[in-house]
Structures are given as C-alpha cells and as structure tokens.
Amino acid sequence: MKFAWIDLRTVAAEHRTAVVDAAVHSRVAGVVADDPALLDDLPPTITRVLFSDTSVESPHLVVVPVDDQDSLDRSPSRSAFVTVSDDRTLKLACAAAERLDHTVVAFTDPTKIPLEIVIAAAHGAPGKLVTVVSDLVEAAIVLECLEHGSDGVLMAPADATDVFRLARLLEAKSPPLTLTTLTVEALTHNGLGDRVCVDTASHFAEDEGILVGSFSSGFVLCCSETHPLPYMPTRPFRVNAGALHSYVLGPGNRTNYLSELRSGSKVLAVNADGRTRELTVGRAKLESRPMLTITARSPEGVVVDLMVQDDWHVRVLGPGGEVRNVTELRPGDELLGHIATEQRHVGLPIGEFCKES
C-alpha cells in the first residue's frame, strides 16, 4: 500500500491549519514537522514524524539525517534521512534502506536512476522507503518508478488542495472487471472499412487485450499481437482493435471511439481473469481494410457486435485466454467479453434510454 507524508516545515503559517485538516480528512499516512508542538495534537490515525538534527527522546517517529556510513552505524534511530548527490551517498541510501524501518531519501539530480537503484536495494527489506518529491507530477512518477515504486512520498503542499490531490493520486487504482462468456452467433463480411491499430507504450501480457465493441452495452476482449504470427514480427505493444466507430473501454468506466484515440490517450488493458491496468497510447494507426462483423450473445441475452479487420492474423480471446483467429470463428464458439449496464453519452455512463442497432 503506497502512502504519503505531508511536510509542514515549509508550509506558510496561514495555510498550516487547513493543510493539517486536509491531511486528517483525507487520511494521509503521516505529517512531518521539525517542531514537536505541531505534531502533539494530531490524532493517532496519523503517523507523527519529527525531523531532528540529532536523535532525541520523543513519542513521535524521529528521523535524523545521516551523511556517512559511520553516522548511520552510530545512530540509535531506526529512521534516517539521506540526501543523494553522488555515488557515496547513493550507497549510503541503499545501506539505510536495507536495514532501517524508515529511510527518507532526497535526490539532488533530476534523473530517476539513483531512485531505481535504491528501490532495487530495498526490495525485500522490511523497512519503508520514502522519497521526497517536489510536486504531484513527480509523485506520480516516483510511485511507479521501476514498476515497484517508492513505498511512500514526502511532499510539502502549497495548500490544502495539494493534499487532497495527493490523496486522490494514492487512491488511483484500476479495479477488476467482470468478464462474461459470449457465444458467437454470426459472422458477416462487410467489405472495405477503416480499422484502428492501438499501439501503446507498454508490453501486453499474453492473456491481455483491450475491450472493444460496436455497442456501448457490450465489448469483446481483443487480443494483442504478443503472440507470434507468420510473415511478420510480434508487436507486443499493439492491438488490432476494430473499426474506427467502435467503443473502447478506458479508465474510470469511460469509453472513447477508436477514432478519438491519440498519442497520450488512455486505454484499459484487461486480462483473461478481469484484472486491469491503465495504459498510455503511443499512437493510433488507421488504415482501410476489408472488415468482418462478429455477432455474439451473452448468457443474459445481450447482443454484442464487434467489427474487425477481415484477416486471419486478427485475434480475440476466448475463455482461459485462448487465442482465436477471427476468420476461423464459427457460430457456437465462445469469446471473452464484458457487459455494461449503462448507456453512454460522450463516453460517460448514464442511465437513460438508448437503443443501438
């Protein structure tokens, strides 16, 4: 579980009360100060972190700076602050992260390579790594660095709004989806149309794809090009997704038309078990190709249509992540899909009457 500490040391006095109230309300994990009086009245639900130049007796969690191996070895505190500015201090941060309960690290250079090294060193250690960040953008990067990310971030907010935004960032998750088994009813050759390949900035797993459908009520799990194909190399970042009019499911239960995707857009990768993760689109490639419509039905009777390129190398996923080439589908075959209960307006779910056919 990722967490955040709010640093009061540079917060303007006129914003301090509002910042503390925001931290309590949004259940931020900890508050940092160098004056114990600012921490004494905080509720027990918040970790009270005292930054001190020397080890002191305190009811709060005391973090002391260390600048060499000797000071780390001699410090009675189980928490330390290290400023990483060169190879020597990088090794010191790694040593602290491997043995202490809490290691707070600040980096003087903008590259995240030293952070990656500390994260790797701390992997498997029982303690927590907390990285100092300057703003919300850096916090998002640090929390995902080297896939594992820092356990926590320490940020000095400008005001209470920053605290709430940081709390929302920590809550950002991609919840699982309920997938259903669709039964193919018909296959129709449509002639020429425009299809979109979605090229993401990430590598798909073998049982992952994206959910695409002609109707907002239902989607088919379209397979990525992670699996080998004859006559062409694998493209593990790509999904040959379907016709440009199709809906594609993205984060936050929002849809886009495939025609709307651009570099920087977000889509939802979904695996055969329904686990999801947010991916960034690197590019969307639209080309004219012969098209094929797959018509399937859910156990509840919901009709799901997907129009894709009419070619053997275009694939969808069946139960258990089985890869199925679309031109080899036959009525009665089973596919993985997702049924949505809401209609859509500009991509947002809404409970209104809408009939698509």
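Reader: In which element is Val 303 placed?

Author: Val 303 belongs to strand β17, residues 303-309. Helices (H or I, at least four residues) and strands (E, at least two) are DSSP runs, numbered from the N terminus. The model is a predicted one, where local features need pLDDT of at least 70, side-chain atom pairs count only at pLDDT 80 or more, and totals for chains, interfaces and linings use all residues. Residues are numbered from 1 along each chain as its sequence is written, and side-chain values use heavy atoms, with hydrogens and water left out.

Reader: What pLDDT does the chain average, and which strands have the lowest and highest mean?

Author: pLDDT is the predictor's confidence in each residue, from 0 to 100. The chain averages 93, and 95% of the residues score at least 70.

Reader: Why is Val 303 called partly exposed?

Author: Buried means under 20% relative accessible area, exposed over 50%, and partly exposed in between (1.4 Å probe, protein chains only). Val 303 has 28%, so it is partly exposed.

Reader: Which residues does Val 303 touch?

Author: Contact means heavy atoms within 4.5 Å. Leaving out residues up to four places away in sequence, Val 303 touches Phe 215, Ser 217, Thr 295, Ala 296 and Arg 297.

Reader: What makes Ser 265 buried?

Author: Its relative accessible area is 18%, and therefore Ser 265 is buried. Ser 265 is found in the loop between β14 and β15 (266-271). It touches Glu 260, Leu 279, Thr 280 and Val 281, not counting residues up to four places away in sequence.

Reader: Why does Asp 162 count as buried?

Author: Asp 162 has 18% relative accessibility, so it counts as buried. It is found in helix α6 and touches Leu 136, Met 155 and Pro 157, not counting residues up to four places away in sequence.

Reader: How do you know what span to expect for α1?

Author: The expected span of a helix is 1.5 Å times one less than its number of residues. α1 has 13 residues and reaches 19 Å from its first C-alpha to its last, close to the 18 Å expected.

Reader: What makes the buried residues of α1 line one face?

Author: Val 19, Val 20, Ala 22 and Ala 23 are buried. Seen down the axis of α1, the buried residues fall within an arc of 160°, so they line one face of the helix. The arc is that of the directions from the helix axis to the C-beta atoms. An α-helix has 3.6 residues a turn, so residues three or four places apart point the same way. On the other side of α1, Glu 14, Thr 17 and His 25 are exposed. The cover over the buried residues of α1 includes β1 (3-7), β2 and α6 (160-171).

Reader: Why is β4 called mostly covered, and with which strands does it pair?

Author: In strand β4 (residues 61-65), 4 of the 5 residues are buried. Two strands pair if DSSP finds at least two bridges between them. Strand β3 (residues 47-51) and β4 pair in the parallel sense over 3 bridges, and Leu 50 stands opposite Val 62. β4 and strand β5 (residues 79-84) pair in the parallel sense over 2 bridges, with Phe 81 as the bridge partner of Pro 65.

Reader: What makes a crossover right-handed, and which helix lies between β4 and β5?

Author: A crossover is right-handed if, with the strands pointing away from the viewer, the path from the first strand over the helix to the second runs clockwise. β4, helix α2 (residues 69-74) and β5 make such a right-handed β-α-β unit. β6 and strand β7 (residues 128-133) run parallel, joined by 4 bridges. The chain crosses from β6 through helix α4 (residues 113-122) to β7, and this β-α-β crossover is right-handed.
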